[in-house]
Amino acid sequence: MTMNDGIMETTAPKKRMLSGIKPSGDLTLGSYLGAIKNWAERADSYECFYFMADLHAITVRQNPADLRRRTLEQLAQYIACGLDPEKNTLFIQSHVHQHAELGWVLDCYAMFGELSRMTQFKDKSAKNADNINGGLFTYPALMAADILLYQPDYVPVGEDQKQHVELCHTIARRFNGIYGDVFKLPEAFVPKVGARIMSLTNPTAKMSKSENEDTGRVLVMDTPETIMRQFKRAITDSDTENCVRYDRENKPGVSNLMTIYSACTGKTYEQIQTEFAGMGYGKFKPAVGEAVVETLRPIREEAVRLMKDKAYLEGVYRAGAEKASYVAEKTLRKVYKKVGFVAK
Ligand code: TRP
């Protein structure tokens with residue numbers, strides 16, 4: 001059997017997968033249709049760990065109340081998207097103290113030159129010129145710790161995080177070279193994207209979770225009214241044919257809407273073309289909006305419900321942290337012993 005993500009299923013024991021998600025809270029329709037939608041079924045084939053990366057979040061200045069709310073909101077949203085806490089280990093990074101501890105150790109095995117070469121560091125320090133702090137610089141060593149603590153086989157990350165996973169390998173290899181086989185080297189795993197969703201107002205750029213609605217983004221938590229408004233003003237193409245036809249190159253706007261409609265309804269491009277034959281863009285846009293509203297409605301309602309059930313969320317992240325720290329502690333003990341710390 002082939003997984004949706006493109007990796008062959010193997011026989012037991014299950015391979016382990018781990019990923020961190022920065023608590024920005026705002027999931028977009030793009031990340032839902034492109035990735036998260038497929039995560040639920042991963043748990044059938046892999047032992048999955050996902051954590052809310054709040055330690056990473058403070059490398060840029062955060063409003064404390066917002067960070068707290070967004071961390072919980074993000075957890076609620078991922079559960080609502082189908083990540084079952086019974087089948088996946090879901091936790092909050094700062095609840096598992098081993099991350100910060102191994103992070104410090106690995107700071108001492110990550111070289112200044114290596115950290116200086118990270119694209120994300122260069123980008124972020126350009127954007128936050130008044131707050132180029134040490135944490136922003138050593139971020140990849142903490143990320144290496146996040147990963148190596150769990151000895152995972154796969155680390156699903158976006159394209160922009162591959163360089164960090166490579167640095168994780170460099171650090172792990174350096175450490176293993178000195179102390180023997182302590183860390184397992186995981187594979188970066190860039191999942192096969194479900195659907196590549198572009199901005200509704202600029203269909204040649206990826207849909208981003210910008211705060212500004214004008215950038216043509218739709219959020220999983222948007223109300224039906226907002227979603228409909230976004231689709232009604234979606235950019236279609238300035239060709240004269242005014243017909244729903246898939247052509248990424250010459251009709252990027254309409255093609256993007258077709259991708260979204262197809263992902264929400266399961267219909268093929270051909271079926272969509274037939275369905276809207278002779279109707280023009282004016283009919284098509286609100287139809288896509290409605291399909292999106294119906295796709296996101298149960299997720300939003302469930303996330304809202306979960307956000308009100310603080311006791312449930314607390315149960316989830318506490319149980320998750322307990323499971324995670326059991327695994328993490330084993331690795332940390334081994335590391336402390338190897339580097340020469342006196343046992344407690
Ligand atoms: N740096 C990742 C991002 O910005 C989030 C992250 C933190 C992560 N620690 C991780 C991802 C460990 C994978 C594994 O998206």
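Predicted model: local features only at pLDDT ≥ 70, side-chain atom pairs only at ≥ 80, totals over all residues.

Reader: Ligand first. Which residues surround the ligand?

Author: S19, G20, K22, F51 and H56 are around the ligand, together with Y139, M143, D146, I147, V155, V157 and Q161.

Reader: How far is a ligand nitrogen from an N or O atom in the side chain of D146?

Author: That distance is 2.7 Å for D146. Y139 also has a side-chain N or O atom 2.8 Å from a nitrogen of the ligand. For Q161, the distance from a ligand nitrogen to a side-chain N or O atom is 2.9 Å.

Reader: OK, helices now. At what angle do α7 and α8 cross?

Author: Roughly 75°. α7 covers residues 134-148 and α8 covers residues 162-179, and their axes come within 9 Å. The two helices are therefore roughly perpendicular to each other.

Reader: Which residues make that contact?

Author: From α7, Y139, P140, A141, M143, A144, I147 and L148. From α8, H164, V165, L167, C168, I171 and A172. By class, 12 are nonpolar, one is polar and none is charged. Y139, M143 and I147 of α7 are in this contact, and Y139, M143 and I147 are also among the residues around the ligand.

Reader: Switching to α13. How does α4 lie against α13, parallel or perpendicular?

Author: The axes of α4, residues 98-107, and α13, residues 310-339, cross at roughly 30° and come within 10 Å. So α4 is roughly parallel to α13. The crossing is left-handed.

Reader: What meets what there?

Author: On α4, Q98, E101, L102 and V105. On α13, they meet S325, A328, E329, L332, V335, Y336 and V339. The contact of α4 with α13 has seven nonpolar, two polar and two charged residues.

Reader: And α12 with α13, what is the angle?

Author: About 90°, with the axes 5 Å apart. That makes α12 roughly perpendicular to α13. α12 runs over residues 281-308.

Reader: Which residues touch in that pair?

Author: L306, M307 and K308 of α12 meet K310, Y312 and L313 of α13. Four residues in that contact are nonpolar, two are charged and none is polar.

Note on methods
Residues numbered from 1 in each chain as written. Heavy atoms only, no water. Axes fitted to C-alpha atoms, helices over the stretch in contact; angles between N-to-C directions. Helix = DSSP H or I, 4+ residues; strand = E, 2+ residues; numbered from the N terminus. Parallel < 35°, antiparallel > 145°, perpendicular 65-115°, else oblique. Left-handed = near helix turned anticlockwise from the far one by under 90°. Contact = heavy atoms within 4.5 Å. Nonpolar A, V, L, I, M, F, W, Y, C, P; charged D, E, K, R; others polar. Near = heavy atom within 4 Å. Polar contact = N/O pair within 3.5 Å; in protein donor to acceptor, adjacent residues only side chain to side chain.
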